[in-house]
Amino acid sequence: MSKIEYFDMLIDTHAHIYSEDFMPDVDEVLQRAYDNDVKKIILPNIDSGSVKRLLDLADAYPHLCYPLMGLHPTSVAADYHEELEAVEYWLEKRKFYGVGEIGIDLYWDRSFLKEQQDAFRHQIKLAKSYQLPIVIHHRDSFDETYSIIQEEQDGNLRGIFHCFTGNEEEAQKITDLGFMLGIGGVVTFKNSNLPEVLKIVPLKNLVIETDAPYLTPMPKRGKRNESAYLVYVAQTVAKIYDISVNQVAEITTDNARNLFGI
Ligand code: NI
């Protein structure tokens, strides 16, 4: 991939680099990220089963990898109270940069909707008490997720609607609540409506992400995603806003730094 000179670094605000998909070559993956100016990576947790790998990686790369603590909605099942206890234990025990990823997922399974809503509310309260931002997963569940955020927004809640792929009305609702849109590989897809929708979204409400190993951007689509490919997302965002990649880097990095306090 061609090297671009930035005035500022890029921050990948959402990547699961600690996942098993990266076990064989995680050091090379992080080196490639660094060499492509992705110099900070936010790592959202999944559940109690992923914490060890998450923290091992964050401890091995303390100035590159920044861990979040949370219970992912697809891991919310009958035992979710126990999982939430683990989240509370870890938040108490060490430093995290946010609560995530949390939210509601109605794509894979609708049967635990009530439990997902309860877990989401509970973790929003934790985020408030630790004064941390939240990273929201809202697959096929914008209305359900948004209504909880609207109820809970008391002026102190901040965060990202991660992997935003919605319409203009949804984008407007998010920015009206003071939240950010996390834009990833989908923006590079030919059939994406995001270039049109982003026209109403101010750059101050934008952060960029890979969601690695998922949602690989063009022209790498079909391969495993990794943080180095954030460059392609930044290039596409630059085209949409008709600004330079340097400006995208500067603004989105500033947004991410302010949100996560890094
Ligand atoms: Ni994720």
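Which protein donors does the nickel ion have, and how far from the ion do they lie? The protein donors are His14 (NE2), His16 (NE2) and Glu101 (OE), at 2.0 to 2.1 Å from the nickel ion. Donors are N, O and S atoms within 2.8 Å of the metal (3.2 Å for Na, K and Ca), and water is not among the atoms, so sites may look incomplete. The model is predicted: local features need pLDDT of at least 70, side-chain atom pairs count only at pLDDT 80 or more, and totals for chains, interfaces and linings use all residues. Residues are numbered from 1 along each chain as its sequence is written, and side-chain values use heavy atoms, with hydrogens and water left out.

Along the chain, the donors of the nickel ion follow the spacing H-x1-H-x84-E. Distant parts of the chain are linked by the pair His14 and Glu101, which are 87 residues apart. His14 is in the loop between β1 (10-12) and α1 (26-35), whereas Glu101 is in strand β4 (residues 99-103). Helices (H or I, at least four residues) and strands (E, at least two) are DSSP runs, numbered from the N terminus. His14 is buried, with a relative accessible area of 0%, and Glu101 is buried at 2%. Buried means under 20% relative accessible area, exposed over 50%, and partly exposed in between (1.4 Å probe, protein chains only).

Ala212 is found in the loop between β8 (206-208) and α8 (230-241) and is buried, with a relative accessible area of 0%. Contact means heavy atoms within 4.5 Å. Ala212 and Ile17 are 195 residues apart in sequence, with a C-alpha to C-alpha distance of 6.5 Å in space.

A nonpolar core is a set of buried Ala, Val, Leu, Ile, Met, Phe, Trp, Tyr and Cys residues joined through side-chain atoms within 4.5 Å. The largest such core has 73 residues, of which Ile17, Ile134 and Ile149 touch the most other members. Helix α8 supplies the largest share of this core, eight residues. With residues up to four places away in sequence not counted, the contacts of Ile17 include Val26, Leu30, Ile41, Leu57 and Ala212. A second, separate core of 14 residues includes Leu68, Tyr97, Ala256 and Leu259.

In strand β5 (residues 134-137), Ile134 and Ile136 point one way and Val135 and His137 the other way, and all are buried. Two strands pair if DSSP finds at least two bridges between them. Strands β4 and β5 pair in the parallel sense over three bridges, and Ile102 stands opposite Ile136 in β5. Together with helix α4 (residues 113-129), β4 and β5 make a right-handed β-α-β unit. A crossover is right-handed if, with the strands pointing away from the viewer, the path from the first strand over the helix to the second runs clockwise. On to β6, the chain crosses from β5 through helix α5 (residues 142-152), and this β-α-β crossover is right-handed. Strands β5 and β6 (residues 159-161) run parallel, joined by three bridges, and Val135 stands opposite Ile160 in β6.

Ile148 is found in helix α5 and is buried, with a relative accessible area of 1%. Its contacts, not counting residues up to four places away in sequence, are Ile104, Gln117, Phe120, Arg121 and Ile124.
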